[in-house]
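Subject: Structure handover

Hi,

Here is the structure for you to look through. Please open it first, then read the notes below it.

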Amino acid sequence: MEKDMEYYIKISNEVMLKNLNSREALTKKLVDQYLDSGKDHICIIASGSSLNAAMAAELFMNQCMGNNVVVMSPTEYIDYRKENVKDYFKIVISQSGCSTNIIEAVKDMAADENKPAVLTGNLEGDIKKYSDNLIEYGVGNESIDYVTLGMTVLIQTLILFVLETGKRKGFLSEEYNSLAEELETCCIANREMYYKAIHFTETFYKDLLKMDRVIIVADGANMGIAREAALKFGETLKIPALYYESEEYIHGPNMQLTPEYAVFFIDTNRKHNRMFDIFEATGYITEHTYFVTDKEMPESERIIKVTGNVRSELTPLYTAVPFQYISAHVTKEKNNFECHPLFGRFEEKIHCKTDDYDEIMENKKLKAEEE
């Protein structure tokens with residue numbers, strides 16, 4: 001199988017199970033540094049899919065650690081909130097190791113005599129020039145620009161970091177085994193979601209090919225997934241995609257709806273079924289409404305349902321899959337990976353990756369083909 005987006009989505013379950021079983025070794029360096037720092041609160045700085053992953057993990061991290069965990073972009077950190085988190089333990093994330101804004105954050109911290117832990121999926125990225133504290137977070141050699149595996153595994157790694165920290169500090173001693181079991185359930189649900197996504201995409205193939213404006217609605221930890229879904233649809237399908245929290249969606253953004261819109265809902269909220277009511281109401285305007293859940297729901301082709309039975313804060317480990325698969329498969333079917341010809345001018349003016357990025361990624365791709 002070609003090592004494209006679909007390949008990395010398919011193997012996510014295997015990588016997650018492997019990382020779950022080796023969680024102590026995988027997170028040891030990060031846990032050691034956090035415990036040795038003597039700091040309680042944590043600041044995670046990331047961009048793009050890595051930022052979305054951190055946002056998806058943030059709620060679980062805050063609830064289980066009992067400390068303040070904040071997630072922000074490099075710009076937010078450097079220009080606006082640095083003083084607010086000056087005494088926090090810093091985790092900086094760049095899967096490619098070549099993101100210019102992340103490198104700027106690392107350089108800024110070095111000037112302030114801060115030494116963050118740098119999580120990356122590429123130890124050979126240019127970020128190694130600016131930090132000797134790189135940690136490969138268990139993604140392996142994902143060699144494509146539109147990351148999928150790396151996003152899901154990053155959520156898991158941040159959760160495993162909390163799990164192993166809690167074990168060593170004692171605040172998760174009673175819950176440790178049950179949480180590990182829930183995480184295994186998430187791995188299984190991720191696999192189930194993959195096959196459900198294939199069936200869903202085949203069922204609504206023509207509708208998804210014609211899709212040209214999208215809204216994704218979620219709440220809780222899945223707001224990070226809604227943000228990632230909007231990113232994936234935007235960067236691969238090249239269509240406008242918005243994301244909203246469920247109650248915010250019905251307070252104005254829904255007024256733009258027409259029968260041409262596609263609206264996706266992500267609901268793993270155990271407290272009520274309010275979002276399903278909003279889903280049904282949206283169906284009065286557009287028939288292109290879809291529902292991703294792990295809750296008991298009426299049978300419908302428009303509902304992508306798996307058996308999760310885990311706390312809602314862990315469900316991002318499998319709710320991203322349908323959006324990843326749709327992005328991968330529909331974009332490949334439409335042969336739509338190329339940007340508009342004028343986009344080249346944008347890239348000439350503004351760079352989000354280092355000058356060596358193309359060469360580094362080509363070497364990564366060659367290495368992946370050899371494995």
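Start at the surface. F343, F346 and I350 make up a nonpolar patch there, and together they have about 290 Å² of accessible area. A patch takes residues with over 30% relative accessible area and no salt bridge; like charges are joined within 9 Å, and nonpolar side chains (Val, Leu, Ile, Met, Phe, Trp, Tyr) within 5 Å. Accessible areas come from the Shrake-Rupley method with a 1.4 Å probe, and for residues only the protein chains shown count as cover. F346 belongs to helix α15, residues 343-349. Helices (H or I, at least four residues) and strands (E, at least two) are DSSP runs, numbered from the N terminus.

A word on the source. This is a predicted model, where local features need pLDDT of at least 70, side-chain atom pairs count only at pLDDT 80 or more, and totals for chains, interfaces and linings use all residues. Residues are numbered from 1 along each chain as its sequence is written, and side-chain values use heavy atoms, with hydrogens and water left out.

Now the sheet with β1. Five strands form an open, parallel sheet in the order β2-β1-β3-β4-β5. Strands pair if DSSP finds at least two bridges between them. From one strand to the next, the twist averages 25°. Axes are lines fitted to C-alpha atoms, for helices over the stretch in contact, and angles run from 0 to 180 degrees between N-to-C directions.

β1 (residues 42-45) and β2 run parallel, joined by four bridges. C43 has V70 in β2 as its bridge partner. Two helices lie across β1, β2 and β3. Helix α4 (residues 48-65) runs at about 170° to β2. Helix α5 (residues 74-81) runs at about 105° to β2. Contact means heavy atoms within 4.5 Å.

Next, the sheet with β6. This open sheet of five strands has the order β7-β6-β8-β9-β10, with parallel pairing. Neighbouring strands here are turned by 15° against each other on average, direction ignored. Three bridges pair β9 (residues 289-293) with β10 in the parallel sense. V292 has I304 in β10 as its bridge partner. Helix α8 (residues 176-203) packs on this sheet and touches β8, β9 and β10. α10 also packs on the sheet, touching β6 (214-218), β7 and β8.

Last, side-chain pairs. The whole structure holds 18 aromatic pairs. Rings of Phe, Tyr and Trp (its six-membered ring) pair if their centres lie within 6.5 Å; planes under 30 degrees apart are stacked, over 60 edge-to-face, the rest tilted. F233 and F264 form a tilted pair, 5.8 Å centre to centre with 50° between the planes. F233 is in helix α10 (residues 223-237) and F264 in strand β8 (residues 262-267), 31 residues apart.

There are 23 salt bridges in the whole structure. Each is a side-chain nitrogen of Lys or Arg within 4 Å of a carboxyl oxygen of Asp or Glu. One joins K332 and E6 (3.2 Å, N to O).

Best wishes
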